[in-house]
Number of protein chains: 2
Amino acid sequence: MPDLVFGEVPAVPVGSAFRDRESLSKAGVHRPNQGGIGGRQGVGADSIVVSGGYQDDEDLGDLIIYTGQGGRDGNTGLQVADQELTRGNLALARSCDEGLPVRVVRGAGGDPTFSPSHGYRYDGLYFVTSYWSQAGTHGFRIWRFRLERNPADQDVSPSASPLPAGDDTVPTYSAVQRMVRNTAVTQAVKDLYDHTCQICGTRLETSSGPYAEGCHVIPRGKPHHGPDTPANVLCLCPNCHVRFDRGGFYIDGDLTVVDALDDRRLGRLSVRSGHGLDTALLVRQRLLLAS
Amino acid sequence: MPDLVFGEVPAVPVGSAFRDRESLSKAGVHRPNQGGIGGRQGVGADSIVVSGGYQDDEDLGDLIIYTGQGGRDGNTGLQVADQELTRGNLALARSCDEGLPVRVVRGAGGDPTFSPSHGYRYDGLYFVTSYWSQAGTHGFRIWRFRLERNPADQDVSPSASPLPAGDDTVPTYSAVQRMVRNTAVTQAVKDLYDHTCQICGTRLETSSGPYAEGCHVIPRGKPHHGPDTPANVLCLCPNCHVRFDRGGFYIDGDLTVVDALDDRRLGRLSVRSGHGLDTALLVRQRLLLAS
């Protein structure tokens, strides 16, 4: 199997049309002839095909809520079992963590607003900005991936930077790995805790003062629509923020912080008076990343 | 003095024209009648005026390289002393760390391509994406701030989210506090270190594998143009990445990691064979944030 290629494939501009999966594979845009996710689970996913195979997919053009693979009946195509965070699903999760660009191909079976009338079309690079699990429309657990077109197109185009020395097989790209937002509400929560992490107690010092991040327990925006209120915001250091967002640990309703990998108790969330944190949201968040 | 207002001022759309500094101040767009930076040093800067007062300013429209305040002769306007990271300069640094939006006003004295022909114009919200010090064209140390117009305009417009409970004086906004990028080169360095922080040894576990960030020692893009090569990239955990980027510590040419606040030795940078790190870039980076 050829090495994965993250980013643009040479000589295949955005908008290129392909007759079938075989020509898509030969061009190196999406290697697998069958599966919707191209990649390897320990490395990342370099391409997906959006073609309406899963009824839970949502295609909004610049934003795609993509359903993971597995658990479907081979004949009927219906969901008959839970999906696991393995294989292609784990590869897409890895692309989120690492900030790897994903080539998006749309097929004729997808949402007619954004899909070609026949065959397949290469639609450029997206990145996975979050992932979670939920009950699908059939009641079985599915994994879902939020893919966004990079706001600045130049950020994902082939870069002119030198390749890693001594390895000219590494393709170049530049993508957003992580974006931290601040709002008046997260600022108020950071101020309440004097920029001290509610999980580990760290207070990061910089040359201009302490640094912390506001973490929305239930993410804002589509599809979770978590509120931008203190009830839904924690003050965390960047390390704890990453681990919380990406399922490294979870917080029980009694404020116990638990390592998600081995269920070890890591400590207790510190909550100051006046915060108004809603612990029910912590419980709901845990379910989003339970595998 | 009225409280600072971060974000849009009610009833002042982008493009609003003002005759003079007094009307700008009365409208609450930029409070100080003289200084170019509005804000408080422990809190943040909520507005700046770009009007060509400093010959080191660079106005590229969506990107502004803004010179801090201080060190100029009151009569001649020439730089006659070093600038310090205090007052308005520290307020702008704080806006960078916290992800606070800054109202940008352009005056008739600025770059003619982007400035009004007379008076002042409110040009919307920007955020400070980095800051550093350098020798100015007169040879004295100046502080400089990179301000970028938010790529997605809706991210900085007044939000419809509820205000913090019990405090309806807090204005709302949503801005980018921090953006982490990944490239083929940073990915290769992260892989070399198996996602282990070169400073503190942390290897963050998430549900889909380890998480680390590639840190460009000399930042990429304008104005530093640091190369995207392994020689210029470290593998760090998010906490160490933030402290390194924001002057919390520096790394000597002999790889000693030093706390920038009290010059305490924190440890030694771990460097694996095959990395090809250029220690001269570490020394150059240190100078960018020396105050």
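1. Contact is taken here as heavy atoms within 4.5 Å. The model is predicted: local features need pLDDT of at least 70 and side-chain atom pairs count only at pLDDT 80 or more, while totals for chains, interfaces and linings use all residues. Residues are numbered from 1 along each chain, chains are lettered from A in the order in which they are written, and side-chain values use heavy atoms, without hydrogens and water.

2. Helix α5 of chain A spans residues 279-288, and its buried residues are A:L281, A:L282, A:Q285 and A:L288 (buried: under 20% relative accessible area, 1.4 Å probe, protein chains only; exposed: over 50%; partly exposed: in between). These residues lie on the same side of α5(A), because they cover an arc of only 110 degrees around the axis (taken from the directions from the axis to the C-beta atoms). They pack against β7 (120-135), β8 (141-149), β13 (233-236), α4 (238-245) and β14 (249-251) of chain A. Helices (H or I, at least four residues) and strands (E, at least two) are DSSP runs, numbered from the N terminus.

3. The count of disulfides over all chains is zero, the criterion being cysteine sulfur atoms within 2.5 Å. The sulfur of A:C200 is too far for a bond, because the closest cysteine sulfur, in A:C237, is 3.8 Å away. A:C200 is partly exposed, at 41% relative accessibility.

4. The contact between the chains takes 59 residues from chain A and 60 from chain B. Two salt bridges join chain A and chain B (a side-chain nitrogen of Lys or Arg within 4 Å of a carboxyl oxygen of Asp or Glu). One of them pairs A:K190 with B:E98, with the closest N and O atoms 2.9 Å apart.
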